[in-house]
Structures are given as structure tokens and as C-alpha cells.
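Please examine the sequence and the structure shown here before reading on.

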Amino acid sequence: QTDAHRLRFENLGVASNRIEVTGSIKFDMDLDRAAAAALQGLLPAGGPVFMAASTHGGEEEAAVLEAFARTRAAVPGLRMILVPRHPQRFDVVAQTCTAAGFSVVRRSQEEAADPSTDIFLVDTMGELRAFYSLADIAFVGGSIAPGGGHNLLEAAAWGVPVIMGPHLQDIEDIAGLFVDAGALTVVEDTDALARALARWAVQDESRTAAGAAGKALFDANQGATTRSVERVVAAVQGH
């Protein structure tokens, strides 16, 4: 995927002329624009939309909901889309949100949010990527909880700037690219998450620029699948 990976293979004794960096196939995803279009109208017009995606136990109540509550004090129009990682937690997360005083609409109930809705809970499967099309700012989970960090590329593909916690070992190479581009902000705790969210919630130009940088980086890194297949086919034909 990267030069760092190439060096690891060389250190294992693979000849350098037998290694080629083709990139990460994770960038080669298609956006289902029809599915995204079908979501239009689920959220009423208003302030920016914060999407917390692939969240783990402990991340909602200890970080995401707290950061959302603090930011809404300064940005009253802020809304949240919440997408827990594991379906067996959907009911628990819904109860956590209502216990914290938020009004919740659940995707499984096939209802649209109204102006009084605080949180739109996506408690269905297979819709995460399309829901990013509604977001202005994203937090990607498994990163404040020590889960290694989940895929941020689905947000980047829609031009959405991303916030993540410090546990990024599963995606460290990709995360580094987005940090360098200014499209990913890495935070250490709830306080830092709230500050990062508030900054992008009120600074429209900064938020838009960060999202555009992420989209440009995503686009520039596509094509690894084709490159890899071409190399394999060429090698086979060469023998």
C-alpha cells in the first residue's frame, strides 16, 4: 500500500525489484448516489449536521454525546446523526440518548426528523456510507475507545472533514495522509473533541476547506485495484 509497507517486505528479504507500491484498494469505493438521494428530507433544514459513525460502547455517553451537548450550547442549530458500530447495541444506545435528555428518531421506525429532533439514530444495516452525504462534520469511532480506528474514507469520499480519537493503529497509514492534508483532526479526549467540533461547526470556510482537502486526497489515491490487477495479469502472462 505504501513505501512503509515496501520497506517491511525488503527487511524480510524480498528483492526490491519484485515489490511495487500500487496504493490501498480501500480508496476504490463507489458512492451510491441513488441511496444518498433517497435520504434527502430525513433531516429538516437547519444548522450543521454532526455525524458520529461506527461508535463503540463508552464512546457515545463518555465522549460523543457530551461533546455534542457542549457544542449545541454555542451552536443551537447543530443536529446529530448517530450510527453505532454493532447492531446488538442499537436499543442500548437509544436509551442512553434519551436518558441524557435528547429527543431521538430511529431510522428503523421509518420516520423523518422534525425541528425538535436532537439525534437521528441509524439503527439499520448497510446505510452508513449513504448517510455521510447528509453530514457536515464526522466523528469516526473505535478511536476514542481502543478499537484501532474505523474507516474514515467513506466520510472523505463525500467531502466531510473527520475527527477521530488517538487509537488509530489499524488505519495509521491512511490517517497520517489525512492529518497532513488538514482533513482529519485527531483528539485525545472529550474536551478536545468538543473543541474540534465547535470549531468546524462555526467556521464554515475552514470546514469546507478541510472537507475539500479530504475529497481531493481520496480522489487522488483511487485506482489501486486496477493497478494491482494489471500487475498480476502481466506477471502471469510473462510466465
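The sections below treat the basis of the model, its salt bridges, a helix contact, a surface patch and some individual residues.

## Basis of the description

The structure is a predicted model, in which local features need pLDDT of at least 70 and side-chain atom pairs count only at pLDDT 80 or more, whereas totals for chains, interfaces and linings use all residues. Residues are numbered from 1 along each chain as its sequence is written, and side-chain values use heavy atoms, with hydrogens and water left out.

Helices (H or I, at least four residues) and strands (E, at least two) are DSSP runs, numbered from the N terminus. Residues are called buried under 20% relative accessible area, exposed over 50% and partly exposed in between, with a 1.4 Å probe and protein chains only.

Side chains of opposite charge can pair when their charged atoms come close. A salt bridge is counted when a side-chain nitrogen of Lys or Arg lies within 4 Å of a carboxyl oxygen of Asp or Glu. A search of the whole structure finds 14 such salt bridges.

One of them joins the side chains of Glu 10 and Arg 6, at 3.0 Å from N to O. Both residues belong to helix H1 and lie four residues apart, about one turn of the helix. Glu 10 is partly exposed at 26% relative accessibility, and Arg 6 is partly exposed at 24%. A network of salt bridges links Asp 3, Arg 6 and Glu 10.

## Arg 70 and its two partners

Arg 70 forms a salt bridge with Glu 66, the N to O distance being 2.9 Å. Because Arg 70 and Glu 66 are four residues apart in helix H3 (residues 59-74), about one helical turn separates them. Relative accessibility is 34% for Glu 66, which therefore counts as partly exposed.

Which residue of another helix does Arg 70 also meet in a salt bridge? The partner is Asp 191, with 2.5 Å from N to O. Arg 70 lies in helix H3 and Asp 191 in helix H8, so this pair ties together parts that are 121 residues apart in sequence. Arg 70 is partly exposed at 38% relative accessibility, and Asp 191 is partly exposed at 35%.

## Contact between helices H8 and H9

Helix H8 (residues 190-202) and helix H9 (residues 204-220) have axes that come within 5 Å and cross at roughly 105°. H8 is therefore roughly perpendicular to H9. The contact (heavy atoms within 4.5 Å) involves Trp 200, Ala 201 and Val 202 of H8, together with Asp 204, Ser 206, Arg 207 and Ala 210 of H9.

The axes are lines fitted to C-alpha atoms, for helices over the stretch in contact, and angles run from 0 to 180 degrees between N-to-C directions. Angles under 35 degrees count as roughly parallel, over 145 as roughly antiparallel, 65 to 115 as roughly perpendicular and the rest as oblique.

## A nonpolar surface patch

Phe 9, Leu 12 and Val 14 make a nonpolar surface patch of about 310 Å². Patches consist of residues with over 30% relative accessible area and no salt bridge; like charges are joined within 9 Å and nonpolar side chains (Val, Leu, Ile, Met, Phe, Trp, Tyr) within 5 Å. Accessible areas come from the Shrake-Rupley method with a 1.4 Å probe, and for residues only the protein chains shown count as cover.

Val 14 is located in the loop between helix H1 (3-11) and helix H2 (33-39). With a relative accessible area of 33%, Val 14 is partly exposed.

## Positive phi values

Ser 54, a residue other than glycine, has a positive phi near 55°. Is Ser 54 buried or exposed? Ser 54 is buried, with a relative accessible area of 5%, and lies in strand S1 (residues 49-55).

Glu 110 also has a positive phi near 55° and is a residue other than glycine. Glu 110 sits in the loop between strand S3 (104-106) and strand S4 (119-121), where Glu 110 counts as exposed at 73% relative accessibility.

## Separations along the chain and in space

Val 92, in helix H4 (residues 90-99), is partly exposed with a relative accessible area of 45%.

Glu 172 belongs to helix H7 (residues 172-181) and is partly exposed, with a relative accessible area of 47%. Glu 172 and Ser 133 are 39 residues apart in sequence and 24 Å apart from C-alpha to C-alpha.
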